[in-house]
Amino acid sequence: MGLEARHLVKRFFGTAVVSDVSFEVRAGEVVGYLGPNGSGKSTTAKMLTGLLETSAGAVLFDGQDIALDPVAFHRRLGYVPEEPNLYTFQSAIEYLELVGRLRELPPALLTRKIGALLELFGLSPAANQDIGSYSKGMKQKVMIIAALLHDPDVLVLDEPDSGLDVAATLVLRQLLIALARRGKAVLYSSHILELVEKACDRVVVIHRGNVVADDTVEALQRLMSRGSLEEVFSQLVLRADPERTAADIADVVADHA
Amino acid sequence: MRDRLLIRHFLWRFLEHDLISPNADRHVVLSALGGTLVAVSGFMAFLIATPYVFGNLMPPGMVSLSSLDDRFLFTSASMLVMALVAVAQWDALALDARDTGALGVLPIPLAVIVRTKFAAVALLAIGVAVVWNLTPTFFRFVTVPAKLPVSLVGLVTLTLAHGVVTLAAGAFGFLSVLGLREGMSAIVGPARFRRISAALQAALLVALVTASLLLPGAHAGVARNWLAQGGLAASALPPLWFVGLHETLAGSVIDTLPRTSPPRYYVVAERDATDLYRSLWPRYHELAWVAIAALAIVGVVTTAACMWNSRRLPVPVVRRAHKDGAAGRAWKWIVGHVVARTSLRQAGFFFTLQTLSRQVSQRVALASSLAVGLSLMLITARGQVLGPGHNAGDVTSVPLPLLAGQSLLLASVLSGFRRAVRIPAELRASTTFSLAWAGNLTPYMSGVTLAGWIALVLPTLGGLFIWHATVLGTRLAAFHFGVGLALSALLMETLFLRYRRVPFVSPYIPSSELRPHGVASAAVLVFVSFALAWLRGSPQLQISCGQRLGEDDDLSRVHAEVLDDVVDGLKHGHVVSLNGTRGEQRLGTELAKHGVGLRERGLQPREKLARRELMPLVEFLLTVPLHGSVADAANYPLAHIAAQVQQQVADAVRRFVRPRPDLLVAEMLEALRYFRQVIRQEEPA
């Protein structure tokens with residue numbers, strides 16, 4: 001059981017944002033999905049969740065094309081998008097109740113789960129406030145809770161740690177590991193390489209719409225002869241020397257003439 | 001340079017409106033809105049100008065008097081449109097927390113931000129006022145009848161006066177709303193104002209839209225109905241202040257024109273019109289001063305309130321957490337166990353209630369529909385509430401419009417609900433539904449309609465029940481309430497019968513165009529209401545015949561009033577009968593028949609339809625040679641043949657004395673009701 005991207009291609013106005021992406025996320029596995037800004041990570045995530053139609057290729061879940069029965073797939077999917085777009089006029093409780101009811105969870109179970117998860121994520125004091133007044137991290141926590149409410153079999157997390165505080169980030173890392181141990185397939189896209197290194201069983205690196213690496217962290221480190229995932233990532237996708245680029249930026253900033 | 005950039009920034013912010021697609025091209029939006037304003041105001045100006053340009057000759061006194069109605073319409077329209085613009089831009093009229101976030105971190109003094117913000121607001125108001133009033137102002141050149149010898153200076157005076165007065169009226173409307181908003185905010189503070197702001201905006205919207213819709217039918221007879229009667233109502237109606245200002249500025253241009261010979265059948269009306277118009281001169285001056293003072297006061301108060309509220313940049317106001325109390329928990333329990341028992345139904349139910357009560361777009365849609373419904377009720381009822389002749393316990397004695405009003409209001413409110421449902425609650429958050437949607441629309445939809453029914457239909461029917469209980473009695477009101485419940489259920493099912501979209505989620509106008517439906521509906525509504533008002537009668541008709549015949553639509557009663565007036569004329573010397581004995585005998589006979597005719601009219605709709613065409617002709621083709629008396633005998637020597645006058649009167653009255661086409665159906669329905677009454681009365685016998 002797992003989620004498979006098979007030769008995914010996405011073009012916008014003729015320009016390929018994702019050229020040919022193939023990888024698999026198996027049950028019980030946390031796969032890290034890395035790439036620089038604009039490399040096509042979020043586009044791939046949207047195609048994997050069925051929110052974005054593919055230009056070519058297919059997304060398979062348990063060997064079935066998700067386009068054949070998207071509703072059935074969504075019943076087993078949990079997705080945390082890159083941007084926490086929530087109904088800002090609702091409170092966290094109201095939003096989570098809406099999601100739970102749409103997923104047809106039993107009312108008593110829903111109430112119990114919402115209360116417990118809000119408590120565990122530290123949102124209880126603000127649970128009745130409008131989401132519009134939440135910080136980005138708080139909104140992100142609401143999104144994570146919404147993605148977990150129905151106990152999904154597959155989780156796609158697109159930079160879920162964006163805006164989270166240190167404590168919440170550490171909890172998230174352990175949570176991903178715990179969920180994988182319970183048989184969930186987890187795709188985790190992030191820019192925090194340390195977190196990916198510690199939480200993920202395997203890493204897929206994408207650059208300019210193409211997969212440039214797909215292996216375990218250890219194998220990549222061995223292959224690239226680097227001591228950390230950060231160094232591996234730098235070698236794979238960074239074309240310019242970061243130090244040199246930083247110095248250039250500082251020069252431009254200091255230009256007053 | 002910095003000021004210009006900031007002003008441009010604030011001006012573009014006015015287009016970031018809930019009713020405008022965020023993907024829309026701003027220039028397209030601007031063009032569409034400007035075009036709509038110009039088209040509607042141009043249409044109105046054209047309708048007003050038509051009788052003057054294409055109608056028969058109107059003498060100066062009648063023109064002056066009928067112009068009062070036109071000025072009232074133009075000043076009211078300008079005032080209402082500008083007030084509506086201010087209400088539509090409600091939250092954008094002042095600096096908000098977003099401005100603090102974007103501009104507060106920049107090294108720009110607060111005074112500059114405040115100054116540029118209010119400069120942008122002023123530019124918005126001036127822009128809309130000019131666009132709205134431009135076409136009618138230029139039309140002023142041609143609204144003076146071609147045969148009146150008005151000089152070029154006179155025409156320029158009239159045009160300038162029109163422009164100044166309508167712009168002043170618009171400024172008053174805009175400043176009143178802005179002043180109310182800022183004044184309330186200054187008095188209660190930003191946090192409390194945020195709580196009442198939405199309700200205040202919705203209430204203003206309902207009131208202004210209702211007034212706008214009623215305006216086309218309510219502007220006739222300004223001189224007689226308002227100015228001549230005096231009293232508090234005449235002094236307290238802001239459009240009249242500006243009518244007074246216009247007459248003070250330019251009223252003498254037409255009034256001082258020399259009186260030449262008008263057609264005979266206008267003589268009396270012209271003399272009366274001139275007398276009435278001139279008798280109101282002190283009133284015009286008084287109202288003009290009130291207009292100037294009111295505009296100044298509103299301007300000063302609004303400026304002061306704006307300055308007070310802009311002492312510092314606004315900070316985000318967090319709504320207080322609304323934790324469920326015992327009542328809230330009980331409500332949820334009732335909904336979960338009685339009203340909506342399945343999860344999807346509950347999802348639809350609660351999400352609908354939350355969206356309707358908290359989202360501006362949905363509130364605007366509902367407030368507009370409520371306003372339309374109220375207007376329809378008032379237009380239909382035309383003041384027919386229960387009077388002495390009505391029996392509170394008998395449904396057959398209740399005027400039909402009173403009963404029909406409930407259906408009209410319900411239909412309008414439910415149409416507004418359907419419109420609100422089509423607007424996404426928050427477009428970006430719609431992925432929530434994309435991911436969690438179970439694919440089963442029916443139970444979710446059922447929850448949505450149930451929420452609409454509880455949140456909109458029940459309060460509407462409840463309000464009407466209180467009113468009906470007062471005028472009809474509790475038993476009849478309860479019956480009516482039951483009918484309303486059944487009708488609303490039927491309407492709700494009908495409106496959503498083929499609705500296959502997820503409410504509050506999809507669809508969104510995918511193109512970059514302005515959302516067309518709202519603008520188109522508003523335009524159609526204005527056109528229709530004006531067209532209906534136009535059918536009711538042109539200014540010429542109002543003066544030449546309307547005042548003589550009254551405003552009644554019932555043919556038989558109109559007929560009777562024609563005769564009454566003619567008889568009055570015979571008795572009081574307005575009309576001189578050359579063979580008075582035969583004429584009076586004939587008219588006396590007719591008068592004696594009135595009672596019978598009135599009683600029988602309901603049972604003979606066909607006959608009445610035929611009489612619609614024939615009766616005035618028959619009446620005035622009798623051999624009663626009449627000629628009109630004169631306002632000034634020196635100007636109008638008695639040189640015409642009386643029979644020719646009689647023929648002209650007959651032709652004129654034939655043209656005007658008839659029921660409106662839309663009333664034929666209503667009359668037939670009423671006839672059926674009378675028929676039922678007669679049958680009931682005959683049953684015991």
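Me: Why are H3(A) and H4(A) called oblique to each other?
Reply: This is a predicted model, where local features need pLDDT of at least 70, side-chain atom pairs count only at pLDDT 80 or more, and totals for chains, interfaces and linings use all residues. Residues are numbered from 1 along each chain as its sequence is written, and chains are lettered from A. Helix H3 (residues 92-102) and helix H4 (residues 107-120) of chain A pack at about 135°. Angles under 35 degrees are roughly parallel, over 145 roughly antiparallel, 65 to 115 roughly perpendicular, and the rest oblique. H3(A) and H4(A) are therefore oblique.

Me: Which residues make the contact of H3(A) with H4(A)?
Reply: H3(A) gives Ala92(A), Ile93(A), Leu96(A), Glu97(A) and Gly100(A). H4(A) gives Leu110(A), Ile114(A) and Leu118(A). In contact means C-beta atoms, placed from the backbone, within 7 Å.

Me: What makes Leu175(A) count as partly exposed?
Reply: Leu175(A), in helix H6 (residues 166-181) of chain A, has 19 C-beta neighbours inside 10 Å. Buried takes 20 or more other C-beta atoms within 10 Å, exposed 12 or fewer, and partly exposed lies in between. So Leu175(A) counts as partly exposed.

Me: How many residues of chain B are in contact with chain A?
Reply: 27 residues of chain B are in contact with 25 residues of chain A. The largest share of the chain B side, 7 residues, comes from H14(B). That side divides into 12 nonpolar, 10 polar and 5 charged residues. Nonpolar covers Ala, Val, Leu, Ile, Met, Phe, Trp, Tyr, Cys and Pro; charged covers Asp, Glu, Lys and Arg; the others, Gly among them, are polar.

Note on methods
Axes fitted to C-alpha atoms, helices over the stretch in contact; angles between N-to-C directions. Helix = DSSP H or I, 4+ residues; strand = E, 2+ residues; numbered from the N terminus. Contact = placed C-beta atoms within 7 Å.
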